[in-house]
Amino acid sequence: MAMTTATTASVGTRALLLALALALVAPGLAKNGHVSDPYPGLLPLASHRHARGRLPSHFDWRNVDGTNFVTADVNQHLPQYCGSCWVHGSVAQLNDRMKIIRRGAWPDAMVSRQAVVNCALNSDGVAPGCNGGEPWYVFGMMQNRTRTGQAGMPDESCQPYMARNMECSPVCTNCDPGTDTCFPVTSYVGYGVHSFWQVRGKRQVAREIYENGPVTCSFVSTEEFMYNYSTNAAANEGGVFIDDRKYPKSMVDHDIELAGWGVTDDGVEYWIGRNSWGTYWGENGWFKLKKGTLRMEEDCWAALPVFDDLEDYLSGKYLGSYDGLVQQEVQRDQRPKECHSHGAGAAF
Ligand SMILES: *[C@@H]1O[C@H](CO)[C@@H](O)[C@H](O)[C@H]1NC(C)=O
Ligand SMILES: *[C@@H]1O[C@H](CO)[C@@H](O)[C@H](O)[C@H]1NC(C)=O
C-alpha cells in the first residue's frame, strides 16, 4: 500500500514536472505560428466520399504528366519575423486548388496573405495574426464571408504582405499620386471558401491530395528540420528528411502544404511538401519528409475555394479602373445604337 502511494506520488510529481516543463517550453515552440486551438463544436465533414482503389506510388502536383499545377513560393518571415505559417499553408492550398480546378488556365490567383492575417479570427473571436493560429481560422473566416454575401479575400495586388498585425478593413487599397494618400478599393476580385473539412492518416491524406489537391497540415518542426534540413536530407537515400523520434503533441508548431508523395528505392515512403521559408530553404522551398514522422498527417485540413469574381472578370462582366472594377453591362447599354447593330466586335 505504502509502495503504491509512493509510486502514485512520484508519477504525479513527474506528470506535474512534465506539465511545468512543457508550459515553460511551449510558448517558445510556436516559432512558426501553429497554435493548437481545437475546432469548436462538431468537425465539419467532407461533402464527398473518397474513391477506393490503389493510388500511384508517386504523385506530385508540381509535375502531373509534365504539367505544373502549383503557384509561386514565398517567405512568411519577411519583411520581418511573423508566426503566420497557418495563413501561408492555407493560402497556398487555396491558390493551388484554384489552379487545379481551372486546369492551369491563366491567371494564377494569389490570395492576399496579409488580408488573411488581418481578418481570420481564433475561437475567442480575436485575430491572432503573427502570433499563430490554425488553418480552420482561414477557411472558416472565408466561408463565413462567402455564406453571408460579403466580399471575399482580395489578391496580393490589393494588399501586399507586411508580416505584421493590422486592421481587417479595408482589405483592398490603392494610393493617389496627387495627394500622396491611399484610399479603399471596394470593388475588387474576392476569393471565398465553399466548404472545408479535416483529413487524417496516411491513406486519407493521400486520397484527398490526389482527388482534390494539396492539403494543409500541422506538424513538429524541430530545430534540425528548420536549421539543418539539408544535412539530414542529404545523408539519406532520395534526399528524404528522416527523424524517427517521437514528439509530444505539444511540440506541434508549424503548418505547411502537402502536395504529393513518393517512395525511395529503399522503400521509404515520404510526403512532398511546400514550406514558407523562402526558396533558399530545403529543395527550392519544398521538402521530402518520411511519412508517419514529426506528427505530420495527424491534423490536416482541406477546403473548396470559390472564385466566381475571377470568372466574372475574365468573362468580361467587369473591366477595371484605378479605383476598382466597373460592371460592364452598364457601359454596353450606353453605347450608341450603331455599335449594337454591328455586334460587339465592331465596337472596338
Ligand atoms: C463564422 O461565423 C459564425 C457566426 O457569426 C461565428 O460564430 C464563427 O466564429 C465564425 N467562424 C470563424 C472561423 O470565423
Ligand atoms: C546542425 O548540424 C551541425 C553540423 O552537422 C551540428 O553541429 C548541429 O548540432 C546541428 N544542429 C541541429 C539543431 O541539428
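Tutor: Let's start with Pro-170, which sits in the loop between helix 4 and strand 2 (173-175). Helices (H or I, at least four residues) and strands (E, at least two) are DSSP runs, numbered from the N terminus. What you're looking at is a predicted model, where local features need pLDDT of at least 70 and side-chain atom pairs count only at pLDDT 80 or more, while totals for chains, interfaces and linings use all residues. Residues are numbered from 1 along each chain as its sequence is written, chains are lettered from A, and ligands are numbered from 1 in the order in which they are written.

Back to the loop. The peptide bond from Ser-169 to Pro-170 is cis, with omega near -5°. Ala-163 lies in that loop between helix 4 and strand 2 too, and its phi is positive, about 60°, although Ala-163 is not a glycine. Ala-163 has 19 other C-beta atoms within 10 Å, so it counts as partly exposed. The scale goes like this: 20 or more other C-beta atoms within 10 Å of a residue's own make it buried, 12 or fewer make it exposed, and anything in between is partly exposed, with C-beta atoms placed from the backbone.

Now step back into helix 4 itself, residues 135-147. Its axis and that of helix 2 (residues 85-101) come within 7 Å and cross at roughly 55°. Axes here are lines fitted to C-alpha atoms, for helices over the stretch in contact, and angles run from 0 to 180 degrees between N-to-C directions. The two helices are therefore oblique to each other; under 35 degrees would be roughly parallel, over 145 roughly antiparallel, 65 to 115 roughly perpendicular, and the rest is oblique. Helix 2 brings Trp-86, Val-87, Gly-89 and Ser-90 to the contact, and helix 4 brings Pro-135, Tyr-137, Val-138 and Phe-139. Contact means C-beta atoms, placed from the backbone, within 7 Å of each other. By type, the contact residues split into 6 nonpolar, 2 polar and no charged. Ala, Val, Leu, Ile, Met, Phe, Trp, Tyr, Cys and Pro are the nonpolar ones, Asp, Glu, Lys and Arg the charged ones, and the others, Gly among them, are polar.

Tyr-137 turns up again around ligand 1, along with Leu-121, Gly-140, Met-141 and Asn-144. To be in that shell, a residue needs its C-beta atom, placed from the backbone, within 6 Å of the ligand. This shell has 3 nonpolar residues, 2 polar and no charged.

Definitions and conventions:
Contact = placed C-beta atoms within 7 Å.
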